[in-house]
Amino acid sequence: MGAAFGNFFRRKMRRPRFCACDIRHDPTADDRQMVEYLYFNMIPFTVIATKADKLSRAQIGRSVQNIATAFKCGAGDVLATSSETRQGLDLTLQKIESVIDLSE
């Protein structure tokens, strides 16, 4: 397991997490395992659904709902984003700002 995963899985870290997954596909077994870990350890999370520029608006809505259902979270906890078009960037940055403690 790499250093990034090791840091992620340290028990003392209970801060909200961000999980990335590809919006074009159903969540993978690894995606599901990560979310199961978060639920088990009661760690709040937001899903960053990447590559939204590859889908139509209707497809994005359906994919967000499918991801939310798969992860047993609300559709509002799934942010559709695109690095190509910057779609969802402002909302993602707002969410990050809402969970970080700038005093640390």
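Where is Ile48 found? Hold that thought for a moment, everyone, while I cover the ground rules.

What you see is a predicted model, so local features need pLDDT of at least 70 and side-chain atom pairs count only at pLDDT 80 or more, while totals for chains, interfaces and linings use all residues. Residues are numbered from 1 along each chain as its sequence is written, and side-chain values use heavy atoms, with hydrogens and water left out.

Let's start with the overall layout. The protein has 4 helices and 3 strands, and along the sequence they come in the pattern α-β-α-β-α-β-α. Helices here are DSSP runs of H or I with at least four residues, strands are runs of E with at least two, and both are numbered from the N terminus. Of the 104 residues, 33% count as buried; buried means under 20% relative accessible area, exposed means over 50%, and partly exposed is in between, with a 1.4 Å probe and protein chains only. The protein exposes about 7000 Å², and carbon and sulfur atoms supply 54% of that. Those areas come from the Shrake-Rupley method with a 1.4 Å probe, and for residues only the protein chains shown count as cover. As for contacts, meaning heavy atoms within 4.5 Å, take those between residues at least 6 apart in sequence: 73% of them join residues at least 24 apart.

Now back to the opening question. Ile48 is found in strand S2, and this residue is buried, at a relative accessible area of 12%. Setting aside neighbours within four places in sequence, Ile48 touches Phe18, Cys19, Ala20, Cys21, Leu79, Thr81 and Thr92.

On to the interior. A nonpolar core is a set of buried Ala, Val, Leu, Ile, Met, Phe, Trp, Tyr and Cys residues joined through side-chain atoms within 4.5 Å. The largest one has 21 residues, and Ile23, Ile67 and Val78 have the most contacts inside it. Two or more residues come from each of strand S1 (17-22), helix H2 (29-40), strand S2 (45-50), helix H3 (57-71) and strand S3 (78-80). H3 gives the most to this core, with 5 residues. If you click on Val78, you will find Val47, Ala49, Val64, Ile67, Ala68 and Cys73 in contact with it, again leaving aside neighbours within four places in sequence.

Next, charges. How many salt bridges does the count come to? It comes to 3, where a salt bridge is a side-chain nitrogen of Lys or Arg within 4 Å of a carboxyl oxygen of Asp or Glu. Asp22, Arg24 and Lys51 are linked in a network. Arg24 pairs with Asp22 at 2.7 Å between the closest N and O atoms, and Asp22 pairs with Lys51 at 3.9 Å. Asp22 lies in strand S1 and Lys51 in the loop between S2 and H3, so this pair ties together parts that are 29 residues apart in sequence. Asp22 is buried, at 18%, whereas Arg24 is partly exposed, at 36%. Asp53 and Lys54 also meet in a salt bridge, at 3.5 Å from N to O.

Finally, the outside. Phe18, Leu93, Ile96 and Ile100 form a nonpolar surface patch with about 300 Å² of accessible area together. Patches take residues with over 30% relative accessible area and no salt bridge, joining like charges within 9 Å and nonpolar side chains (Val, Leu, Ile, Met, Phe, Trp, Tyr) within 5 Å. Ile100 sits in the segment after helix H4 (89-99) and is partly exposed, at 43%. Thanks, all!
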